[in-house]
Amino acid sequence: MAHDEDDAAAAAGLPPPAKKKSPAEEEAEKRRRKLTPGSLMKAVIRSGSGDATPAEGDQVILHCTTRTMDGIVVNSTRREHGGKGIPLRFVLGKSKMILGFAEGFPTMLKGEIAMFKMKPQIHYAEDDCPVTAPDGFPKDEELQFEIEMLDFFKAKVVAEDLGVVKKIVDEGKGWETPREPYEVTARITARTADGKEILASREEAYFFTFGKSEVPKGLEMGIGTMARKEKAIIFVSSSYLTNSSLMPQLEGRDEIHFEVELVQFIQVRDMLGDGRLIKRRVVDGRGEFPMDCPLHDSLLRVHYKGMLLDEPKSVFYDTRVDNDGEPLEFCSGEGLVPEGFEMCVRLMLPGEKSIVTCPPDFAYDKFPRPANVPEGAHVQWEIELLGFEMPKDWTGLTFKEIMDEADNIKNTGNRLFKEGKFQLAKAKYEKVLREYNHVHPQDDEEGKIFASSRSSLHLNVAACYQKMGEYRKSIEACNKVLDANPVHVKALYRRGMSYMLLGDFDDAKKDFEKMITVDKSSEPDATAALLKLKQKEQETEKKARKQFKGLFDKKPGEISEVGVGSEAGKNAPHSTESGEATSGVRDASATDGPHGESEHAFVEERPGLLGRLWPSARRIFSSLGLNRCTVL
């Protein structure tokens, strides 16, 4: 779009439209307007080398000595002038600095020494100056700033407050970087800002576990941005110099420069985030992580050895021994291996070897357990991913071939559904529905087949949600079918069942009755559903009556005294307040649907207190002779 506008302007003989400036650029422009002739003057004392000058995003390292116009030193970074000998660091466009520095630094060459003469409004006397002058600093005087540009380079800002900044010396390989709880091997040298070595280099590299505070915080943050084999200098200020086993005494250090070579890191992944399922890579695979991993459902080939975690020598299965040396082949996403096993293999590269420690609920407690694995056992797998084949690409297939592929995946989903693996089954149905977004039937016959298949898949998704207790999502899936075909009998039936399980009895009844209207052959199913609905309503009313027993023993005008009179106290010992009565109804309705899900959605949908909790309240009140009722 921007190119089109530029071309149109050029054709019309007009200059291209000005690009919108960033907030930082607008602020710099606003400050620049404060410069007046003679307010900022520069004299080169020693020429620098090359022709490159610092740009935005570069870190500049320099010495600075400030003098009055009489030559009296006000402050300095140099030892000979009373300073600490520690150069200053700024990141152009990021660091806060006086206006004279912001305008002067970009004019300097590496190694150059220059004298900048600044009027007060160009240094610390500037209106809204972003930095505060040191105590006793003559900010209202014209001053001279002697700057030696030691170095500048493109900086990687690691910490937003610029407390950790990285300079890349040699680029690394790949783009994966270490993170918690990776195991890192690195060569590290540390120096103070004035060049004093405080951690000597050594032939043997240092080893530490990421995230365990075994190195200073700022160093770990910097290493967390490095790739394998990368060499870098990491500048860490005092606020990030935490004590660690690598450097236990860091108090009083203003800044440390770490020279780091990232030799290697071992990928260690906490798959569940609670330390129970851990994947540790011991041999690197081929390709880039995670792009070359079998993240999608694929045909996988692996060798693996399974052991009991508490008994490392107790091997209960080894494909190289127990499978005649042949690898295990399985399709991911079909529940053919334990869940923890598949989760880890999906994050492996071809040729990679990993050790996986797995808790029982992700190993064999929910999967057919080998005879020599006791119930509740923690296991360890040594897995090697030999390779994988991605699913067939539907591009270029005929309509019949596409429908055959869809049926294969759907049949797999049906098998998983029958096995009670509803989440996996739903994933299979949804996978086909996503692929259907790119399928375009060519005639009416194909259109009918396609529409029928898509409706069937939506209803299968609805059935999965229903089994999982997510009735609202089940209703939404049914609505996708009914939006296209309002008289789809199976969709009406499934939606009616979800309404019933949710507690929306009126909506359920409408769907079941509509089934009979649109298709007489569905009358037996609809009648059975209506009978079940009536039983469900009666059960709900019975539970509600029992829950509110004693609540209606007084006259309507005396209901506000429930829980106060002795009679109510006897009959409803747990319902002395309306809040407690409400919770009682909610608990009762919790038994209406699987997993106790129905009461939550039910409460959200009903207006009014009792109406939200109890869909048949009005009918029961009428039967008790109480057409109007208030609970305080």
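Which residues in helix 11 are buried? In this predicted model, they are Val489, Ala491, Leu492, Arg495, Gly496, Met497, Ser498, Tyr499, Met500, Leu501 and Leu502. The count is 11 of the 14 residues, so helix 11 is largely enclosed by the rest of the structure. Helix 11 covers residues 489-502. From its first C-alpha to its last it reaches 20 Å, close to the 20 Å expected at 1.5 Å a residue. Gly503 follows helix 11. The phi of Gly503 is positive, near 100 degrees.

Helix 9 was examined next. It runs over residues 444-467. Its 24 residues should span 34 Å at 1.5 Å a residue, and the end C-alpha atoms lie 35 Å apart, which agrees. At the start of helix 9, Asp443 places a side-chain oxygen within 3.2 Å of the backbone nitrogen of Glu445. Just after helix 9 comes Gly469, with a positive phi of about 80 degrees.

Asn460 belongs to helix 9. Its relative accessible area is 15%. The cut-off for a buried residue is under 20%, so Asn460 counts as buried. Leaving aside residues up to four places away in sequence, Asn460 touches Lys410, Asn414, Tyr429 and Arg494. Lys410 and Asn414 are in helix 7, and Tyr429 is in helix 8.

Helix 7 (residues 399-418) and helix 8 (residues 422-436) pack against each other. Their axes are 7 Å apart and form an angle of about 165 degrees. That angle makes helix 7 roughly antiparallel to helix 8, since the class takes angles over 145 degrees. The crossing is left-handed. On the helix 7 side, the contacting residues are Met403, Ala406, Ile409, Lys410, Thr412, Gly413, Asn414, Leu416 and Phe417. They meet Phe422, Leu424, Ala425, Lys428, Tyr429, Lys431, Val432 and Tyr436 of helix 8.

Asp161 sits between strand 7 (156-157) and strand 8 (164-170). The side chain of Asp161 makes a polar contact of 3.0 Å with the side chain of Tyr240. Asp161 and Lys94 are 67 residues apart in sequence. In space, their C-alpha atoms are 8.9 Å apart.

Note on methods: Residues are numbered from 1 along each chain as its sequence is written. This is a predicted model: local features need pLDDT of at least 70, side-chain atom pairs count only at pLDDT 80 or more; totals for chains, interfaces and linings use all residues. Side-chain values use heavy atoms; hydrogens and water are left out. Helices (H or I, at least four residues) and strands (E, at least two) are DSSP runs, numbered from the N terminus. Buried means under 20% relative accessible area, exposed over 50%, partly exposed in between (1.4 Å probe, protein chains only). Contact means heavy atoms within 4.5 Å. The expected span of a helix is 1.5 Å times one less than its number of residues. A polar contact is a pair of N or O atoms within 3.5 Å; within protein, one must be able to donate a hydrogen and the other to accept it, and residues adjacent in sequence count only if both atoms are side-chain atoms. Axes are lines fitted to C-alpha atoms, for helices over the stretch in contact, and angles run from 0 to 180 degrees between N-to-C directions. Angles under 35 degrees count as roughly parallel, over 145 as roughly antiparallel, 65 to 115 as roughly perpendicular and the rest as oblique. A crossing is left-handed if the near helix is turned anticlockwise from the far one by less than a right angle, and right-handed if clockwise.
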